[in-house]
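Welcome! Here is a friendly first look at a structure that may be new to you. Please take a moment with the picture before reading on.

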Amino acid sequence: MRRITVFRIYLCALFLLSLPIVLAAAAAWQPPSQPKTTVIAHRGASGHAPEHTLSSYRLAARMNADYIEVDVRATKDGKLVVLHDATLARTTNVETVYPHRSPWRVSDFSLRELKKLDAGSWFDPRFAGECVPTLDEVVRMLKAERVNVPLYVETKQPGIERAVARLLQKHGVLQRGSVMFQSFHPESLQALRPLIPRGVPLIQLVGEKEARSGRDELLQQIAVYADGIGLPLPAVTEEWVRAAHGRGLMVHVYTVNEPHDLARLCAMGVDGVFTDYPDRPGRIAACRRLPRH
């Protein structure tokens with residue numbers, strides 16, 4: 001009995017002596033990091049501020065978006081502005097300022113004329129006075145405010161690729177990790193390829209009708225010149241994701257705002273989601289996933 005008691009005392013002492021080492025090792029160990037689904041601020045934080053304004057971009061950065069989407073068009077005098085629609089009617093007061101210039105196409109106005117428009121009041125009176133920004137102004141603002149969020153540039157019309165690449169190159173943004181490009185126009189992405197460094201991704205956007213027909217043939221064509229595909233939310237299935245990944249293509253989905261959709265897509269293994277609310281995906285546990293093999 002005495003020997004058993006001494007042995008127990010010995011074991012307890014050994015445990016107490018080794019406990020700090022065990023605890024230190026446990027504290028030092030971290031689970032392997034898991035890549036998360038890329039969060040792309042759709043037109044900036046457009047659920048909280050007027051789309052494609054400096055306020056929207058600033059807010060997206062504060063919400064820790066992984067990328068900020070920037071739609072680029074050319075004005076009548078060839079200046080690059082950031083605007084989604086082909087016309088100014090929905091997001092500015094153009095009908096009031098220029099009532100006789102219907103249908104108010106962006107390409108029918110000079111930059112000087114665009115700068116007279118209010119691009120914020122339609123969303124909320126507190127954004128009154130927001131202007132339609134140029135691409136140059138967006139990049140300068142982000143640099144001046146030390147915002148290190150990459151840009152996700154969409155060329156809204158073919159023919160502006162060289163001007164876009166030249167401007168981004170001037171600001172040191174045309175490099176891997178600082179920008180990626182997307183377009184609905186294959187010819188635009190094909191024109192960009194020789195203008196950009198290796199490793200800068202090109203994403204081919206497709207509409208819902210196109211996504212629902214001829215998947216394998218479509219992916220085969222896209223894989224020739226692009227690095228990924230942008231799919232509309234209603235068209236995304238596990239089969240689509242597997243087929244695209246099988247071709248070596250990333251899958252980015254637009255536009256995803258509801259938590260149940262975010263969780264479902266992240267669980268599928270999509271590579272990125274466009275959202276008007278870049279503060280939401282971080283709350284979805286499924287947006288942290290195991291690496292693809």
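Of the 293 residues of the protein, 48% count as buried, where buried means under 20% relative accessible area, exposed means over 50% and partly exposed lies in between (1.4 Å probe, protein chains only). This is a predicted model, in which local features need pLDDT of at least 70 and side-chain atom pairs count only at pLDDT 80 or more, while totals for chains, interfaces and linings use all residues. Residues are numbered from 1 along each chain as its sequence is written, and side-chain values use heavy atoms, with hydrogens and water left out.

**Overall make-up**

- The protein has eleven helices and nine strands; these are DSSP runs (helices H or I, at least four residues; strands E, at least two), numbered from the N terminus.
- Take the contacts between residues at least 6 apart in sequence: 57% of them join residues at least 24 apart. Contact here means heavy atoms within 4.5 Å.

**Helix α5 and its neighbours**

- Helix α5 (residues 135-144) and helix α6 (residues 161-170) have axes that come within 11 Å and cross at roughly 20 degrees. That makes α5 roughly parallel to α6, since angles under 35 degrees count as roughly parallel, over 145 as roughly antiparallel, 65 to 115 as roughly perpendicular and the rest as oblique.
- The axes are lines fitted to C-alpha atoms, for helices over the stretch in contact, and the angles run from 0 to 180 degrees between N-to-C directions.
- On the α5 side, the contact is made by Leu-135, Asp-136, Val-139 and Arg-140, and on the α6 side by Val-164, Leu-167, Leu-168 and Lys-170.
- Five of the residues in the contact of α5 with α6 are nonpolar, none is polar and three are charged. For this sorting, Ala, Val, Leu, Ile, Met, Phe, Trp, Tyr, Cys and Pro count as nonpolar, Asp, Glu, Lys and Arg as charged, and the others, Gly among them, as polar.
- Helix α2 (residues 54-62) also meets α5: their axes come within 11 Å and cross at roughly 35 degrees, and this crossing is right-handed.
- Leu-54, Tyr-57 and Arg-58 of α2 make that contact with Glu-137, Val-138 and Met-141 of α5, a set with four nonpolar, no polar and two charged residues.

**Aromatic pairs**

- Rings of Phe, Tyr and Trp (its six-membered ring) pair if their centres lie within 6.5 Å; planes under 30 degrees apart count as stacked, over 60 as edge-to-face and the rest as tilted. By this rule there are six aromatic pairs.
- Tyr-98 and Phe-109 form a tilted pair, because their ring centres are 5.2 Å apart and their planes stand at 55 degrees. Both residues sit in the loop between α3 (94-97) and α4 (111-114), eleven residues apart.
- Tyr-98 is buried at 12% relative accessibility, and Phe-109 is buried at 1%.
- Trp-122 and Phe-123 make an edge-to-face pair, 5.6 Å centre to centre with 85 degrees between the planes. Trp-122 is partly exposed at 36%, as is Phe-123 at 27%.
- Tyr-67, Tyr-152 and Phe-274 are linked by ring pairs into a cluster.

**Two buried loop residues**

- Thr-134 lies in the loop between α4 and α5 and is buried at 7% relative accessibility. Leaving aside residues up to four places away in sequence, Thr-134 touches Leu-80, Val-81, Val-82, Leu-111 and Lys-115.
- His-171, in the loop between α6 and β5 (179-183), is buried at 10% relative accessibility. With residues up to four places away in sequence left out, His-171 touches Asp-136, Val-139, Arg-140 and Lys-143.
- His-171 and Lys-143 are 28 residues apart in sequence, and their C-alpha atoms are 8.8 Å apart in space.

**Backbone details**

- A cis peptide bond with omega of about 10 degrees joins Ser-102 and Pro-103, and Pro-103 is in the loop between α3 and α4.
- From Tyr-254 to Thr-255 the peptide bond is cis, with omega near -20 degrees.
- His-52, a residue other than glycine, has a positive phi near 50 degrees and is buried at 3% relative accessibility.
- Asn-64 is not a glycine either, yet its phi is positive at about 65 degrees; Asn-64 is exposed, with a relative accessible area of 61%.

Definitions and conventions
Left-handed = near helix turned anticlockwise from the far one by under 90°.
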